[in-house]
Amino acid sequence: MRKHKVLLLVLFSMVLALVVTAFAHAQGYPVELAGVTVLRVRFPASGYDAQERMMIAYERLVDALGYYGRDSGPELVNIQIVSNSPAIYVGEKLFFTVDEDHAVYNGTTPMALAERWADNLRLAIQKYAEGFAQ
């Protein structure tokens with residue numbers, strides 16, 4: 001009987017882990033700034049899983065905002081092509097490279113998605129900068 005309970009507990013744990021993983025994938029890992037969701041990372045790329053890509057995006061954003069300081073503004077956000085993929089930059093600092101998986105998931109092209117996410121980032125940086133002005 002005890003062995004049966006252990007097996008049920010293990011099975012329940014495995015199902016719970018699968019549900020949590022599926023939920024995280026469905027919701028994505030948000031990258032937010034100043035109350036604005038800039039993007040949601042849902043897929044792995046370049047050897048990084050979605051959660052690692054979200055953390056890298058945050059590290060890059062903190063680096064860019066720290067580098068530009070009070071000069072951080074929405075006009076710094078730009079899109080460049082890197083290895084045939086659109087990449088969003090803050091000034092000269094890479095923020096995020098848009099991949100085909102995210103574009104397909106969002107029903108668009110990588111460039112159109114990069115433009116949407118860049119617009120979100122511009123709005124977020126604007127709100128972030130307004131916080132300094134007050």
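**Arginine 53 and its surroundings**

Modeller: The side chain of arginine 53 comes to 3.0 Å from the backbone oxygen of phenylalanine 43. That is a polar contact (N or O atoms within 3.5 Å, one able to donate a hydrogen and the other to accept it; residues adjacent in sequence count only if both atoms are side-chain atoms). The model is predicted: local features need pLDDT of at least 70, side-chain atom pairs pLDDT 80 or more, while totals for chains, interfaces and linings use all residues. Numbering runs from 1 along each chain as its sequence is written, and side-chain values use heavy atoms, without hydrogens and water.

Biologist: Which backbone oxygen lies 3.1 Å from a polar atom of the arginine 53 side chain?

Modeller: Arginine 53 sits in helix H2, residues 50-68 (a DSSP run of H or I, at least four residues; strands are E, at least two; both numbered from the N terminus). At 3.1 Å from its side chain lies the backbone oxygen of threonine 97.

Biologist: Is arginine 53 buried or exposed?

Modeller: Buried means under 20% relative accessible area, exposed over 50%, partly exposed in between (1.4 Å probe, protein chains only). Arginine 53 has 9% relative accessibility, so it counts as buried.

Biologist: In the hairpin of E1 and E2, which residue takes a positive phi?

Modeller: Strands E1 (residues 29-33) and E2 (residues 36-41) run antiparallel, joined by 5 bridges; pairing needs at least two DSSP bridges. Glutamate 32 has threonine 37 as its bridge partner in E2. The hairpin has 2 residues between the strands, and the positive phi, near 55°, belongs to alanine 34.
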